[in-house]
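Colleague: I would like to learn how to read helix packing and chain contacts in a model such as this one. Could we go through it feature by feature?

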Amino acid sequence: MTAFPTRTLAAGAKVSGAGQKLLAFASLLILVVGFSLASPNFLQTSNIMAILQATSVNAVLAVAATLVIITGGIDLSVGTLMTFCAVICGVVLTWWGMPLPVGILAAILAGAACGLVSGTIIARMKIPPFIATLGMMLMLKGLALIISGTRPIYFNSTPGFTQIAQGSLVGMVIPQLPIPNGVLLLFAVAGFAAWILARTVLGRYTYAIGSNEEAIRLSGVNTDAWKIAVYALAGAICGIAGILIAARLNSAQPALGQGYELDAIAAVVIGGTSLSGGRGTVLGTLIGALIMSVLTNGLRILSVAPEWQTVVTGAIIIVAVYADQLRRRRG
Amino acid sequence: MTGLLQMAGIEKRFPGVHALKQAQFELRAGEVHALMGENGAGKSTLMKILAGIYQPDSGSIAIDGQEVAIASPRAAQNLGIAMIHQELALMNDLTVAQNIFIGREPRQSFGRLDEAALNARAAAIFHAMNIAMEPRALVEGLTIARQQMVEIAKALSVKSRILIMDEPTAALNDAEIAELFRIIRQLRTEGVGIVYISHKMDEIRQIADRVTVMRDGEFVGTVEAADTPIATIITMMVGRALTDEALPVPDLSTQPVVLEVKGLSRGRAIRNVSFTLRRGEILGFAGLMGAGRTEVARAIFGADRHEAGEIRVHGEPRAIRSPRDAVRAGIGYLSEDRKHFGLALGMDVRDNVAIASLQRFTDRLGRLNEAAMGETARRYIGRLGIRTPSEQQEVRLLSGGNQQKVVIAKWLLRDCDILIFDEPTRGIDVGAKAEIYRLLAELAAQGRAIIVISSELPEVLRLSHRIAVMCEGRLTGILPGGPHTTQEEIMRLATQREALTEEQPA
């Protein structure tokens with residue numbers, strides 16, 4: 001985690017108040033300590049890498065959702081958009097036989113374009129984000145199935161595609177630290193999003209729109225355009241998630257995707273981002289996503305039935321938000 | 001008159017703020033007791049303790065000589081204490097009667113609501129208050145003044161003996177204020193003790209029996225309203241004497257016209273409004289509530305559309321369809337509702353000052369130059385005298401006057417040479433008001449053209465070089481500023497209804 005641009009992230013923390021992140025981080029630490037005491041297998045390098053690998057897709061989606069949620073909106077389409085982009089990537093690489101970079105670019109652009117559409121529906125047609133992205137979620141789900149002919153598209157003709165997620169550049173240099181490329185990609189995406197939020201005009205308007213959209217509009221800011229930009233950026237990040245999941249599965253699975261949006265939103269919320277907008281950080285979201293996968297992994301190692309893992313995750317969401325409210329009330 | 005309430009030695013600390021220091025307050029049955037002080041003096045905190053919203057750190061509260069603990073708003077209600085907040089807390093989609101009895105609805109068997117009894121009881125309360133109000137009307141459709149009557153009825157429905165009113169006239173016109181005062185006087189004769197929080201001196205004169213002044217969380221003194229000069233009360237509030245200097249009206253006839261509005265119209269809200277504004281001029285807009293002044297301002301600013309009319313800025317016709325167009329033309333608008341339309345409260349002073357001008361602090365990659373933003377914010381903090389611990393303080397923690405200055409800083413930084421101030425001193429205490437007046441005069445002297453919309457006639461008279469008066473969407477006249485214009489002349493134009501003019505043969 002040392003490769004993380006902590007300076008930029010710390011600046012974002014000022015906007016949200018560092019309290020919830022501290023709380024989330026402490027919970028994560030307690031979980032890690034607890035599980036490692038309970039099972040000697042938990043802290044093994046291979047297990048830690050498995051946790052990180054399992055976090056990567058959800059965390060990338062959660063980063064996309066964080067941007068949208070800070071504007072006071074919500075994006076229910078992140079999961080099916082991810083799948084849609086994976087299918088596009090498969091069409092370009094496997095069906096059309098284009099080179100790898102073209103496929104990657106196509107997935108990201110497809111994501112950005114869909115985000116642009118969602119953003120336009122929300123900002124210009126004034127459809128509530130929940131409805132607009134619910135519609136997008138279903139449309140993209142259907143389109144992914146139609147385009148792919150409801151069958152998975154495999155990437156066997158593109159050698160090295162799976163390396164995007166499964167290989168380890170770090171492991172080649174430092175064999176003791178086989179961090180999967182997918183996790184590096186997550187860190188890159190998270191670092192970029194955190195930088196956007198903390199250091200750029202787009203980021204400042206993202207918080208400002210969530211904080212008081214009308215006041216910002218009356219300041220002469222073209223809030224509609226900026227909002228659309230946020231959704232487009234979130235869409236592009238979903239495109240990256242699409243590449244990531246396709247590389248992990250070595251295939252674009254058109255039936256996958258629905259349900260991912262709720263995991264992403266859960267990670268965002270556990271990470272202390274307010275659903276009413278105006279506050280939140282990418283670092284918090286990362287911690288939130290890690291809490292979820294550490295929990296799943298740890299409970300599995302302790303041989304807890306998967307049904308119970310779901311129950312615990314649900315409870316964690318409620319406890320996390322309640323703890324945040326208690327803290328706010330006292331503050 | 002007997003002692004109804006005694007609060008003594010009340011202490012309250014919030015993180016970083018010592019809000020109340022040995023505060024005290026005393027209320028008799030059947031009196032209107034004005035509670036005054038600058039914003040942040042602790043009035044609202046003290047009253048929220050009385051209403052059970054906050055818990056004091058120490059101190060005693062006694063009702064009828066019996067010491068009581070007020071643990072919750074519910075407990076306050078049971079003790080006969082009701083508070084009518086500045087922001088009314090009614091449910092818009094429910095009827096008047098449903099709002100009054102919310103949580104205490106008369107029931108029939110099996111939990112069915114007894115709407116007939118509900119409406120009858122509400123009607124009885126309004127009858128006792130001596131006002132006409134339909135219990136079945138939706139609250140949404142009522143004016144602010146009528147909604148306030150509903151709040152009062154709600155307080156009476158629980159047999160309140162202590163009624164706290166926080167700036168009840170802030171959104172009312174003169175006729176509505178008169179109605180409110182009639183009801184307050186009636187309640188007084190019925191033995192209700194009324195705490196009246198207000199900034200308006202003339203109202204205190206009219207309605208209050210006694211005045212308690214607070215400053216910086218401390219009790220300053222309680223005086224009889226009838227035989228205390230207003231100047232004395234102001235001195236108690238601000239801790240220093242304020243001089244009420246009149247504004248000299250400069251000769252602006254040689255200055256260029258920067259804004260010209262011709263035939264601005266929209267439905268019945270704005271009807272054929274035309275005026276000009278010169279460089280360095282302060283044009284006051286007077287009129288009653290709903291006269292269309294804010295509508296005109298918002299139309300010029302592009303926040304709302306207009307159907308007809310031309311807007312010329314520096315002589316050139318400009319199509320203004322959005323606030324963005326207006327800001328590009330150099331027009332800034334400071335809304336009467338700072339919190340909803342002017343500020344991002346959760347963000348800091350620096351961001352709020354820079355938010356309309358972020359492009360200026362941005363490089364080609366879209367990166368912000370935080371250091372320059374901070375430096376700029378600090379410059380405006382110094383120039384406008386914004387009282388804040390630093391430029392990184394969240395705006396919601398500032399007082400009303402200082403929030404207003406942050407909005408002004410935002411527009412100054414954006415280089416707007418036409419500034420429209422909509423009720424610039426609403427909810428701002430006396431000391432800060434004088435500062436805002438001084439600031440407006442300074443801005444005009446520096447060559448900015450300023451429109452000030454105000455419902456307080458003394459304010460309009462004190463500030464304006466010329467005074468435009470509106471009534472029912474029409475501009476009924478423009479009066480010269482300065483000492484020769486009287487409140488009566490303005491009122492005559494403000495009440496010049498169309499019916500009167502139309503009936504005359506053309």
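Modeller: Let us begin with the word contact, which here means heavy atoms within 4.5 Å. Please keep in mind throughout that this is a predicted model.

Colleague: At what angle do the axes of α3(A) and α12(A) cross, and how should I describe it?

Modeller: The axes of helix α3 (residues 45–70) and helix α12 (residues 260–270), both of chain A, come within 8 Å and cross at roughly 70°. Angles of 65 to 115 degrees count as roughly perpendicular, and therefore α3(A) is described as roughly perpendicular to α12(A). On the α3(A) side the contact is made by A:Val57, A:Asn58, A:Leu61, A:Ala62, A:Ala65, A:Thr66 and A:Ile69, while α12(A) contributes A:Tyr260, A:Asp263, A:Ala264, A:Ile265, A:Ala267 and A:Val268. These residues divide into ten nonpolar, two polar and one charged.

Colleague: And which residues make the contact between α12(A) and α13(A)?

Modeller: The axes of α12(A) and helix α13 (residues 282–301) of chain A come within 7 Å and cross at roughly 115°, again in a right-handed crossing. A:Asp263, A:Ala266, A:Ala267, A:Val268 and A:Ile270 of α12(A) make the contact with A:Thr285, A:Gly288, A:Ala289, A:Ile291 and A:Met292 of α13(A). By class, there are seven nonpolar, two polar and one charged residues.

Colleague: Turning to salt bridges, how many are found over all chains?

Modeller: For these one looks for a side-chain nitrogen of Lys or Arg within 4 Å of a carboxyl oxygen of Asp or Glu, and a search of the whole structure finds 27. One of them joins the side chains of A:Asp224 and A:Arg124, at 3.5 Å from N to O. This pair links distant parts of the chain, 100 residues apart, with A:Asp224 in helix α11 (residues 223–249) and A:Arg124 in the loop between α5 (100–123) and α6 (129–148) of chain A.

Colleague: How many salt bridges are there between chain B and chain A?

Modeller: The count is three, and they include the pair A:Arg199 and B:Glu370, whose closest N and O atoms are 3.6 Å apart. In the interface as a whole, 32 residues of chain B are in contact with 23 residues of chain A. The two chains bury about 2300 Å² between them, 55% of it on carbon and sulfur atoms. Of the area that chain B buries against chain A, B:Arg324, B:Met347 and B:Ile355 supply 22%, more than any other three residues.

Note on methods:
Residues are numbered from 1 along each chain as its sequence is written. Chains are lettered from A and ligands numbered from 1 in the order in which they are written. This is a predicted model: local features need pLDDT of at least 70, side-chain atom pairs count only at pLDDT 80 or more; totals for chains, interfaces and linings use all residues. Side-chain values use heavy atoms; hydrogens and water are left out. Axes are lines fitted to C-alpha atoms, for helices over the stretch in contact, and angles run from 0 to 180 degrees between N-to-C directions. Helices (H or I, at least four residues) and strands (E, at least two) are DSSP runs, numbered from the N terminus. Angles under 35 degrees count as roughly parallel, over 145 as roughly antiparallel, 65 to 115 as roughly perpendicular and the rest as oblique. Ala, Val, Leu, Ile, Met, Phe, Trp, Tyr, Cys and Pro count as nonpolar, Asp, Glu, Lys and Arg as charged, and the others, Gly among them, as polar. Buried area is the accessible area (1.4 Å probe) that two parts lose on being put together, summed over both. A crossing is left-handed if the near helix is turned anticlockwise from the far one by less than a right angle, and right-handed if clockwise.
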